[in-house]
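Hi everyone, thanks for coming.

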Amino acid sequence: MEIIRLENVSKKYGAKLVLDGIEKGFCQGESAAFVGHNGCGKSTLLRIIAGLTVPSGGRVVHERPLLFHYIPEKFPPAAVTARQYLLRMGALDGMRRDEAGKRIESLGDDFFLGGLLDVPMRSLSKGTLQKVGVIQALLTRPDVLLLDEPVSGQDRESQKVLTDKVNELRGKDVTVFLSCHETHIVKAVAEEVYTIRDGRLKAYKAEEVKMRTVLLEHGGDFAVPGGMTKYGRYYRLKAEEKECDRILPGLLSGGWKLRGMYDEEDD
């Protein structure tokens, strides 16, 4: 049964057209992944589906009122502890305090958080904050689960726990949308894989998704291009293999120094 339909959805940021007239329906229990280079519109599409961003044109139609749980790519730190934050989120979901407490403790153990639940969130690492965001989304069962780079900064053991729990929800007819660079996560969770090119949503076979990570050293007095992240003394660029092949020659001719390159399967 179709529960979400995108009708001629477009999105502009200033003069830049990110999404261009997307028409697509999604069914209850479906799991779809969006892949592609940084800035292509994956996160924007997730937020539009969830109702967190208003499209510039078109509309999103829900077959009925839906409960959305959303794991953002960047989870903001706060002065409260992770446990205090999660208890408040559980209350918003209608959970009793004792019920939420048990669930938080169980999920904290599953994701190897240990005593970190009682540490102020502003003191936690990016990967640990991401786990807190994941636990928040898993406290109760939603109709739709949206994951925006949900394993950023997480260890492989925690990534496996997440894929198992997402697949559990899929077995309970939860609709899952995923924006992700990690090929093994896409293969483990998604039934359908799409990419966004020139603002259009296109089918993409999961076995064709091949991501590459390139480590580069800043070799001159110029700005760091968008999509790169600091990685120790180097900068890391993670994108589709073809996109890396397109970008890399220009970076090297511009003074950047290549310090490492590997495909996701080698990580």
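What is the order of the strands in the open sheet of 3 strands? Before I answer, keep in mind that this is a predicted model. Okay: the order is S2-S1-S4, and the pairing is antiparallel. In case strands are new to you, the strands of a sheet pair through backbone hydrogen bonds, either parallel or antiparallel. At the edges we have strand S2, residues 16-27, and strand S4, residues 57-62, and each of those pairs on one side only. On average, neighbouring strands in this sheet are turned by 10° against each other, if you ignore direction.

Let's zoom in on one pair. Strand S1 covers residues 2-13, and its antiparallel pairing with S2 runs over 8 bridges. If you want one to find on the screen, look for Ile4, whose bridge partner in S2 is Phe26.

Now, what lies across S1, S2 and S4? That's helix H1, residues 42-50, running at about 130° to S1.

On to helices meeting helices. Two packed helices are described by the angle between their axes and the distance between the axes. Take helix H2, residues 82-92, and H4: their axes come within 10 Å and cross at roughly 25°. Angles under 35 degrees count as roughly parallel, and H2 and H4 are therefore roughly parallel to each other. Their crossing is right-handed. On the H2 side, the contact is made by Ala82, Tyr85, Leu86 and Met89, and on the H4 side by Val132, Ile135 and Gln136.

H2 also meets H3. Here the axes come within 9 Å and cross at roughly 130°, and that makes H2 oblique to H3. This crossing is right-handed too. From H2, Arg83, Leu86 and Leu87 meet Arg97, Ala100, Gly101, Ile104 and Glu105 of H3. Notice Leu86: you'll find that residue in the contact with H4 and in the one with H3.

Last stop, helix H5, residues 156-170.

Which elements do the buried residues of H5 pack against? The buried residues include Val161, Leu162, Val166 and Leu169, but also Lys165 and Gln159. Their packing partners are helix H3 (97-110), helix H4 (126-138), strand S6 (144-148), strand S7 (175-179) and helix H6 (183-189).

Terms used: Residues numbered from 1 in each chain as written. Predicted model: local features only at pLDDT ≥ 70, side-chain atom pairs only at ≥ 80, totals over all residues. Heavy atoms only, no water. Pairing = 2+ DSSP bridges. Helix = DSSP H or I, 4+ residues; strand = E, 2+ residues; numbered from the N terminus. Axes fitted to C-alpha atoms, helices over the stretch in contact; angles between N-to-C directions. Contact = heavy atoms within 4.5 Å. Buried < 20%, exposed > 50% of the residue type's maximum accessible area, 1.4 Å probe, protein only. Parallel < 35°, antiparallel > 145°, perpendicular 65-115°, else oblique. Left-handed = near helix turned anticlockwise from the far one by under 90°.
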